[in-house]
Amino acid sequence: MHKLRPPNGQAKGKETMKAEFDYSGCNVFVAGGTSGINLGIAEAFARAGARLGVASRKREKVDAAVARISDLGAKAHGYSFDVRDASAAEAAIAAFAETAGAISVLVSGAAGNFPALAKDMSVNGFKSVIDIDLLGTYHVMKAAYRHMKRPGGSIINISAPQSVVAMSHQVHVCAAKAGVDMVTRCLAIEWGPEGLRVNGVIPGPIAGTEGMARLAPSPEARAIVTESVPMRRCGVPEDVAQACLFLGSEAAGYVNGSIMAADGGWVLASAPLDFGAFA
Ligand code: NAP
Ligand code: COA
């Protein structure tokens, strides 16, 4: 049972409104959950009482994330593997399920990004992002499939605005994340009959993350990005985590195949014509 509080009217869009969820007794695995947005998601599930598995390539990041989550009073298990390696993903997720039991929520969010024009990007640069974001997400889902709780399991793929908005310097990420969204939708159809829901979340620009540091490295760039968000603020990991807590819960029991934006409306505003400004 997940305990939900209705909005209290205090947030007025300026801060993150928190709903309360109870994930005690639930196992949650977060691929790419050792930094940034995905670590924020893992911590939110931990605070809600879940047992966590977190994974990424670098052992030191995995260990630090496990320590942070344990400090919240949750049980946490760390796995070091590259999502491009399907059998490594399979072994790690099987090990988590063997230790913890069936997985209630899988969050698949490992990704890579750098800004580059297609004409300047090597074929391997394009391929690396496709391999991590698209194939990696698919590998993680395939690996988790047989360990998911059913009925009632929930898979959440972390997408990006690039999945729906074409952007310069981002052809690799746009192609990869558009693919991720289609994997989400296709497997929502294939796995829905088993009581397994598959959804996606599109974070907007999230302050203090690696993704923002790479795409908007200067304060000036970050100010322009902030102004381009209809809510006039960048997000925080908790904004994305709240969407994931909802999608993983019984409250979202009929939500399947949805790609939910937690982006302050950024995707809508990305065609930057303001007709009001011409009046
Ligand atoms: P981040 O901190 O760099 O998170 C990426 C995570 O994935 C890290 O834990 C990283 O750890 C892991 N990872 C990367 N490549 C991997 C691989 N090949 N195998 C296994 N793990 C791998 O970045 P972030 O900015 O928070 O982004 C997190 C997610 O949100 C991504 O899916 C991104 O596309 C999405 N997103 C971000 C923003 C934003 O504003 N930041 C906006 C929209 C969408 P290791 O280096 O240890 O592998
Ligand atoms: N501009 C153009 N090409 C770049 C690049 C950049 N800034 N950074 C990497 N590449 C190219 C490399 O040159 C290489 O191609 P090549 O072999 O033809 O030279 C290819 O991308 C792979 O780079 P490599 O560093 O070997 O890959 P990796 O697998 O170790 O790392 C990345 C993958 C490139 C995505 C790396 O940036 C990464 O690990 N990112 C994870 C963190 C992150 O991006 N977080 C934000 C998420 S939104």
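A residue counts as buried here if 20 or more other C-beta atoms lie within 10 Å of its own. Keep that in mind for the close-ups below, which come from a predicted model.

**View 1. Strand S5 is mostly covered.** Take a look at residues 154-158: 5 of the 5 residues in this strand are buried. In a regular strand the side chains alternate between the two faces of the sheet. You can follow that here, with Ser154, Ile156 and Ile158 pointing one way from S5 and Ile155 and Asn157 pointing the other way. Whichever way they point, all of them are buried.

**View 2. S5 pairs with S4 and with S6.** Strands of a sheet pair through backbone hydrogen bonds, either parallel or antiparallel. S4 (residues 105-108) and S5 go for the parallel sense, over 4 bridges, and Ser108 stands opposite Asn157 in S5. With S6 (residues 197-203), S5 pairs in the parallel sense too, over 5 bridges. Here Ser154 has Arg197 of S6 as its bridge partner.

**View 3. Helices link the strands in right-handed crossovers.** S4, H4 and S5 make up a right-handed β-α-β unit. From S5, the chain carries on through helix H5 (residues 171-191) and over to S6, and this β-α-β crossover is right-handed as well.

**View 4. Now step back to the open sheet of 7 strands.** Reading across, the order is S3-S2-S1-S4-S5-S6-S7, and the pairing is parallel. Which strands sit at the edges? They are S3 (76-80) and S7 (259-262), each pairing on one side only. Neighbouring strands are turned against each other by 20 degrees on average, if you ignore direction.

**View 5. Zoom in on S2 and S3, then on two helices that pack on the sheet.** S2 (residues 51-56) runs parallel to S3, joined to it by 5 bridges, and Gly53 stands opposite His77 in S3. Helix H3 (residues 86-100) lies across S1 (27-31), S2 and S3, at about 160 degrees to S3. Helix H8 (residues 237-248) touches S4, S5, S6 and S7, and its direction makes about 170 degrees with that of S6.

**View 6. Ligand 2 has 14 residues around it.** The closest are Gly112, Phe114, Ser122, Gly125 and Gly211. Helix H4 (123-145) and helix H6 (210-215) are the elements that give two or more residues to this shell. Which of them gives the most? That's H4, with 4 residues. By type, the shell splits into 5 nonpolar, 7 polar and 2 charged residues.

Terms used. Residues numbered from 1 in each chain as written. Chains lettered and ligands numbered in written order. Predicted model: local features only at pLDDT ≥ 70, side-chain atom pairs only at ≥ 80, totals over all residues. Near = placed C-beta within 6 Å. Nonpolar A, V, L, I, M, F, W, Y, C, P; charged D, E, K, R; others polar. Buried ≥ 20, exposed ≤ 12 C-beta atoms within 10 Å, placed from the backbone. Pairing = 2+ DSSP bridges. Right-handed = clockwise from strand over helix to strand, strands pointing away. Axes fitted to C-alpha atoms, helices over the stretch in contact; angles between N-to-C directions. Contact = placed C-beta atoms within 7 Å.
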